[in-house]
Amino acid sequence: MDGILKRFEKKALTLEVNKELYQKEAILFAAHKFINRCFITIEPSSEKYINVLFRPKDENLQLDDFALEFCNELLDQQVRLNIEKSYGNIRELIVKQAFCPIENIQNEIKI
Amino acid sequence: MNNAKPYQLLPFRFMRLNNNKFLVVNEVGEYIFLPNENFDKLVNYTLDRQCSTFLDLKAKHILTDTYVAPAIDMLAVKYRTKKAFLYNFTSLHMVVPTLRCNSNCIYCQVSKKDPNAVGFDMDKKTARKTVETIFISPSPCIKIEFQGGEPLLNFNRLKYIVNYAQKLNKKHKRDLVFVVCTNLTLITPAILKFFKKHNISISTSLDGPCDLHNKNRPLQNNKLSHGKFVANLKLSRETLGRGNVSALMTTPRHSLDQFKKIIDEYIRLGFHNIFIRNLNPYGGAKQESKTIGYAIEDFVSKYKDALNYIIELNLKGTYFAESFATLLLQRILTPFTTGFVDLQSPAGVGIEGAVYDYNGNVYASDEGRMLAAMGDQEFLLGNVTTTSYSQIFGGDKLRSLITKSCLEAMPICSHCALQSYCGADPVRNYAEHGDVECHAATSNTCKKCRSILLYLFELIERNDRDINRVFWSWINRSPFEGRAEN
Amino acid sequence: MRMLSGCSYNCKKPLIGRIVKNGTESKYKYNSILVTDSPTKKAIKHLGVVTDTKEIDSSLLSSGVPFFLGVARTDELKVGDVIRLNPDGVIDVLYEKESPHNALFVTEQCNCSCIICPQYTTKKKSDLTDSVLELIPLIDPHTPTLNITGGEPSLLGDNFFKIVQFCKKYLPNTALQVLSNGIRFSDFEFTKSFVNINHPDIQIGIPLYSDNDTDHNNIVQTNGFYKTIKGMHNLALFQQKIEIRTVITALNYRRLPQLAEFIYRNFPFVIHIAFMGMETRELARQNLNQVWVDPYEYRQYLEDAIEILYLRKMNVSIYNHQLCILPKALWKFASKSISLWKNIYISECGSCTQKQLCGGFFASCQDIHSKYIHAL
């Protein structure tokens, strides 16, 4: 996995995530989705890396598979953040136009 | 187009469906299935502009390589359409004429009282103020739904409310309808005559065939209800017409394995649809959860089996719909709004529906009333005799509740691909984990909706002509091509 | 429109009048044109006379009344039809009383150049309002429907409104269908003025060829897609009746199902959708290589598109297709849509058992049709 290092210790999983590839928000959003299955701690580990520590709530959780799942989610969240930047204010304009129509939409678009 | 980008992405949400594809949904709930490769190309701006996938995405306003403003325009029209349930403000008004009940349902959420109890009936003054408050709502459509207890135990007050509402409506000229939620055991020809005269329809509960129904819904004094129910159902239908009597069910644990039998009973008794509902975490249901509760995953698994069974019945020629699936299918397949108070964004509490208790207390939802009966007044908005309409419906309490019940602003929900089809239920959230916001990661509602939605998408993706025809017959509320009804 | 011709005498400018025949001469008090095989002195009290006879008494000609001699097929002219006598001897049949398909041609000007257009159109100004306003009062007020077409009628601006107004006044019981690309209706004020005429029964038929601007604009040869859509939305704001018309060509048949879904999601308010076979005249004929596709080849796409709309309870029809090349499940959507005067059957039809129900062909398509035509 590019930019993610895995460490299994006792019954916990630590993922070291490269800050240059994944934004903090992506890590937070991804981690939040798994709080029903693990206790999660997030802290910086070095200049380039953030540590995400997972302690499973159910000891039968397969940490290997779980790690893969989290990595996919992290990737999706980062892709989402990248895409969201490209929308500019389009989403706001859609809602505005729906409820409080704008005279000239073209002039308001900022992308 | 500006920049060096070959096309501009328009707002969309996505999720992985399995290992080889994504579900992509635009801002107004229009969806497309993209194989991994195409999704990758889409987000990396390398999708071929001549290919049919590119044109599909353009038609669904997920990208544009020409103009942005017209896409915004078209999306805005559809967005407004999807949120049209907000326009009328409160249209569903649930009125509780009495807390007394002659039933003893094992999962009762209401903290009902004995039929002979005193002090739990709505008095005339409160009834009057309730109706007057209802008509201050700006909605052109008003539905007054009698709940309880068993409303027929205070039939006189019910009559008074209907008559007074109709009197006021001569001036207000709204589209006024009445529904009575009743266990049907106390129905008499005289009551039905009144119902017919005032165009009142009936919503009742049918939990399954005789044994199951009696187990779940015994009357007080351990009397059995199924026999009376069936007889009165027939009588009600004959007087009011089949379309004016509907039924729903509740699912305690022992019903989970009985869905097929329950569905068969509904068909036997001539119903055309069933609403398979899981147990709510309120009142008696919460207290009894050890005996009648279950994990939501169990419910979902049985629900899917039941849905498959119902689809099979339809394919063999019996027109019969499942109501929750129908609601979700309307949200996925049509551009139109659906007004389902318990699952929408912003939530329907107060702004779509409100509850007027026997003592004049106004609650943001029926579940809010149930919590109050257990001692928690979190969702009390006011009282018709002491609080003004603007304080009840425009006060800080309701405003704050609504602000916290928009999926668009919740973590996880705000970027969930299924957001357009889902909704918030702040009262349920509060009952389940102590605060009104959605905690999607841990919420049972999320698990349920997500599983069922993904299953429906699986069926939709097959693009099976016959299954599509079944789905649309449910949405249209009529059999495909006039095929004979059961 | 239907046309006849003969030798014209005394016709210095075009004349519009209503047909009467022997025995019905007094049916119309004014603007009557007599169609007869043997003109007598009584003939000259009419506005004009049409006859198949090649020679008549010179005293009749010296009356100054326009005479059209040697006109063939006068039996095609019926009492109550409205015709225009032209100085060059051409007789235009502007209105046919017994036809269900009558149209007011109000202009030849158009702001599109659809590559499948079967009409002659021009980008130059063309305004036929005056003769249309003359025609309208002569149309039988029991006429159930009337099209307003061109070119692009909305280009006439106020004159367009005037024509609709005239129809409202003289033909209050006649339903109108305006055939328009909808582009001018993208102007909100224009739409408002149109709606303010308050015609009791009017609908707009608007062509939409695809679910995306690239394909649609390629067919209409102008940047019209989003303006047409805006026009439809403006009309819908005023709850006007809109029909979507889609001519099926080689350029758009593959996306018919996607178009059906697009229509449902974005224009669920339209009262009707018509999938139409091409009429291979004018530009359509010129572009034949580019646009022609055998309808038999796209029957599955058409069936899928119709299934999508039918399930969603949209009102949908198939125009200008023959029954033998349509899947049987689609027969109930097919209508007899071709104007009588240009409607034919071909030799392959033979003694087909479905001729009564089948719409047949355009006269212009005698040589251009599916190679799968066969008698049923």
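Predicted model: local features only at pLDDT ≥ 70, side-chain atom pairs only at ≥ 80, totals over all residues.
Mentor: Local features here need pLDDT of at least 70, side-chain atom pairs count only at pLDDT 80 or more, and totals for chains, interfaces and linings use all residues. Residues are numbered from 1 along each chain as its sequence is written, and chains are lettered from A in the order in which they are written.

Trainee: What makes E1 and E3 of chain A edge strands?

Mentor: Strands pair if DSSP finds at least two bridges between them. The open sheet has the order E1-E2-E4-E3 in chain A. E1 (4-9) and E3 (38-44) of chain A each have a single partner strand, so one side of each lacks a neighbour in the sheet.

Trainee: How do you know that E3(A) and E4(A) pair?

Mentor: Seven bridges join E3(A) to E4(A). The definition asks for at least two, so they pair. The two run antiparallel. Cys38(A) stands opposite Pro56(A) in E4(A).

Trainee: Why is the set around Val24(B), Leu135(C) and Ala305(C) called a nonpolar core?

Mentor: Such a core is a set of buried Ala, Val, Leu, Ile, Met, Phe, Trp, Tyr and Cys residues joined through C-beta atoms within 7 Å. Buried means 20 or more other C-beta atoms within 10 Å of the residue's own, with C-beta atoms placed from the backbone. The largest core has 222 residues, and those three have the most contacts inside it. Helix H10 (residues 299-311) of chain C gives the most, with eight residues.

Trainee: What does Ala305(C) touch, beyond residues up to four places away in sequence?

Mentor: Leu256(C), Pro257(C), Leu259(C), Ala260(C) and Phe275(C). Contact means C-beta atoms, placed from the backbone, within 7 Å.

Key. Buried ≥ 20, exposed ≤ 12 C-beta atoms within 10 Å, placed from the backbone. Helix = DSSP H or I, 4+ residues; strand = E, 2+ residues; numbered from the N terminus. Contact = placed C-beta atoms within 7 Å.
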